[in-house]
Amino acid sequence: MSLAAIGTIAIASPAIAQSGMNTTSLQHSVVLEGLDAPWDMAFLPDGTMFFTEKCTGLSVRTPSGDVNALLGMGANDT
């Protein structure tokens, strides 16, 4: 089978392309809900999560689950 034919089969049949011993399984978990246009996030080893929202700014979620705004657009910032 030619490489072009293999590429066509892989594109046309994702199930075929993803079957095999060397495939990876992705998992997800929700760490924070109710965000307005989340933009980026970074995690520290202790579970602290820094995150930005597109029009709100930078906030932090502590391992205990508390969320605090650090920098950005507040209700009184105009």
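**From the whole chain to single residues**

Author: Among contacts in this protein between residues at least 6 apart in sequence, 4% join residues at least 24 apart. The model under discussion is a predicted one.

Reader: Which pattern does the protein follow along the sequence?

Author: The protein has 2 helices and 4 strands. Read along the sequence, these elements give the pattern α-α-β-β-β-β.

Reader: What percentage of the residues in the protein is buried?

Author: A residue counts as buried when its relative accessible area is under 20%. The protein has 78 residues, and the share of them that is buried is 10%.

Reader: How many bridges join β2 to β3, and what is the bridge partner of Met49 in β3?

Author: The strands β2 and β3 run antiparallel and are joined by 5 bridges. A hairpin of 3 residues links β2 to β3. Within this pairing, the partner of Met49 in β3 is Arg61.

Reader: Which residue in the turn between β3 and β4 has a positive phi?

Author: Strand β3 also pairs with β4 (residues 67-72), in the antiparallel sense and over 5 bridges. The hairpin formed by β3 and β4 has 5 residues between the strands, and the turn residue with a positive phi, of about 100°, is Gly65.

Reader: Why is β3 described as largely enclosed by the rest of the structure?

Author: Strand β3 has 5 residues, and the description follows from how many of them are buried. It is largely enclosed because the number of buried residues is 4 of the 5.

Reader: Is Ser59 buried or exposed?

Author: Ser59 lies in strand β3, residues 57-61. Not counting residues up to four places away in sequence, Ser59 touches Met49, Phe50, Phe51, Val67, Asn68, Ala69 and Leu70. Its relative accessibility is 7%, so Ser59 counts as buried.

Reader: With which side chain does Thr48 make a polar contact?

Author: Thr48 belongs to the loop between β1 (38-43) and β2 (49-53). Because its relative accessibility is 8%, Thr48 counts as buried. Leaving aside neighbours within four places in sequence, Thr48 is in contact with Ala42, Phe43, Val60, Arg61 and Pro63. The polar contact between side chains has a length of 2.8 Å, and the partner of Thr48 in it is Asp46.

Reader: What is the phi of Ala37?

Author: Ala37 is found in the loop between α2 (14-18) and β1. With a relative accessible area of 38%, Ala37 is partly exposed. Most residues other than glycine have a negative phi. Ala37 is a residue other than glycine with a positive phi, and the value is near 60°.

Reader: Which residues form a nonpolar patch on the surface, and what is their accessible area together?

Author: One member, Val31, is found in the loop between α2 and β1. Val31 counts as partly exposed because its relative accessibility is 35%. The patch consists of Val31, Met41 and Phe43, and their accessible area together is about 280 Å².

Notes
Residues are numbered from 1 along each chain as its sequence is written. This is a predicted model: local features need pLDDT of at least 70, side-chain atom pairs count only at pLDDT 80 or more; totals for chains, interfaces and linings use all residues. Side-chain values use heavy atoms; hydrogens and water are left out. Buried means under 20% relative accessible area, exposed over 50%, partly exposed in between (1.4 Å probe, protein chains only). A polar contact is a pair of N or O atoms within 3.5 Å; within protein, one must be able to donate a hydrogen and the other to accept it, and residues adjacent in sequence count only if both atoms are side-chain atoms. Contact means heavy atoms within 4.5 Å. Patches are made of residues with over 30% relative accessible area and no salt bridge: like charges are joined within 9 Å, nonpolar side chains (Val, Leu, Ile, Met, Phe, Trp, Tyr) within 5 Å. Accessible areas come from the Shrake-Rupley method with a 1.4 Å probe; for residues, only the protein chains shown count as cover. A salt bridge is a side-chain nitrogen of Lys or Arg within 4 Å of a carboxyl oxygen of Asp or Glu. Two strands pair if DSSP finds at least two bridges between them.
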